[in-house]
Amino acid sequence: MDEARLAEAVLERDDPVELMDWILELAAEGSDRSLVENCCARLARHRNAMVRGNAMLGFGHLARRFGRLDARRIKRLVETALHDGSGYVREQARSAADDLRIFLGWEFELVDDESNDQAAQT
């Protein structure tokens with residue numbers, strides 16, 4: 001099965017356990033940058049935090065592998081994830097932001113997670 005049809009099948013099943021591993025594998029080994037970027041972008045808004053977080057890691061892999069991403073769309077997704085309710089997603093978004101800064105020259109305003117968590121508790 002070709003990459004696009006496999007992606008369509010996996011996304012349609014929408015199994016979070018499958019998606020968590022699959023998106024990382026696709027980002028690390030997928031040959032169609034646009035397809036992988038679109039899959040990561042779609043999963044960056046998934047209901048499952050592990051899937052969202054791993055999609056963030058996927059953006060970092062793509063930046064390293066291909067040296068380009070759709071800045072307008074992907075930067076907004078990473079910035080949103082930096083403020084996600086899940087600590088895992090925020091952590092992976094920080095990692096992605098670091099990779100995007102290093103490999104693509106993008107800048108992000110990073111917040112201190114601890115102060116962010118404390119502010120949410122007050």
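This is a predicted model: local features need pLDDT of at least 70, side-chain atom pairs count only at pLDDT 80 or more; totals for chains, interfaces and linings use all residues.
Which residues of α5 are buried? In this helix, residues 71-81, they are Ile74, Leu77, Val78 and Ala81. Look down the axis of α5: its buried residues fall within an arc of 95 degrees, so they line one face of the helix. An α-helix has 3.6 residues a turn, so residues three or four places apart point the same way.

Now turn to the face of α5 that points away from its buried side. Arg72 and Thr80 are exposed residues carried there. Arg72 also takes part in a contact at the start of α5. Its backbone nitrogen lies within 3.3 Å of a side-chain oxygen of Asp70.

## Aromatic rings and a charge

How many aromatic pairs does a search of the whole structure find? The search finds one. The pair consists of Trp106 and Phe108, with ring centres 6.5 Å apart. Their planes stand at 50 degrees, so the pair is tilted. The cut-offs explain the label: under 30 degrees would count as stacked, and over 60 as edge-to-face.

Are these two residues buried or exposed? Trp106 counts as buried, at 12% relative accessibility. Phe108 counts as buried too, at 14%.

The charged end of Lys75 sits over the ring of Phe108. The distance from that charged end to the ring centre is 5.4 Å.

## Two cysteines, no disulfide

A disulfide is a covalent bond between the sulfur atoms of two cysteines. How many disulfides are counted here? The count is zero.

The cut-off for a disulfide is 2.5 Å between the sulfur atoms. Cys40 is likewise in no disulfide, as its nearest cysteine sulfur is that of Cys39.

Both cysteines are shielded by the burial rule. Cys39 counts as buried at 4% relative accessibility. Cys40 is buried as well, with a relative accessible area of 0%.

Most residues other than glycine have a negative phi. Asp14 has a positive phi of about 55 degrees, although it is not a glycine.

Where is Asp14 found? Asp14 lies in the loop between α1 (3-13) and α2 (16-29). Asp14 is partly exposed, with a relative accessible area of 27%.

Note on methods:
Residues are numbered from 1 along each chain as its sequence is written. Side-chain values use heavy atoms; hydrogens and water are left out. Helices (H or I, at least four residues) and strands (E, at least two) are DSSP runs, numbered from the N terminus. Buried means under 20% relative accessible area, exposed over 50%, partly exposed in between (1.4 Å probe, protein chains only). Rings of Phe, Tyr and Trp (its six-membered ring) pair if their centres lie within 6.5 Å; planes under 30 degrees apart count as stacked, over 60 as edge-to-face and the rest as tilted. A charge sits over a ring if NZ of Lys or CZ of Arg is within 6 Å of the ring centre and within 35 degrees of the ring normal. The arc is that of the directions from the helix axis to the C-beta atoms. A polar contact is a pair of N or O atoms within 3.5 Å; within protein, one must be able to donate a hydrogen and the other to accept it, and residues adjacent in sequence count only if both atoms are side-chain atoms.
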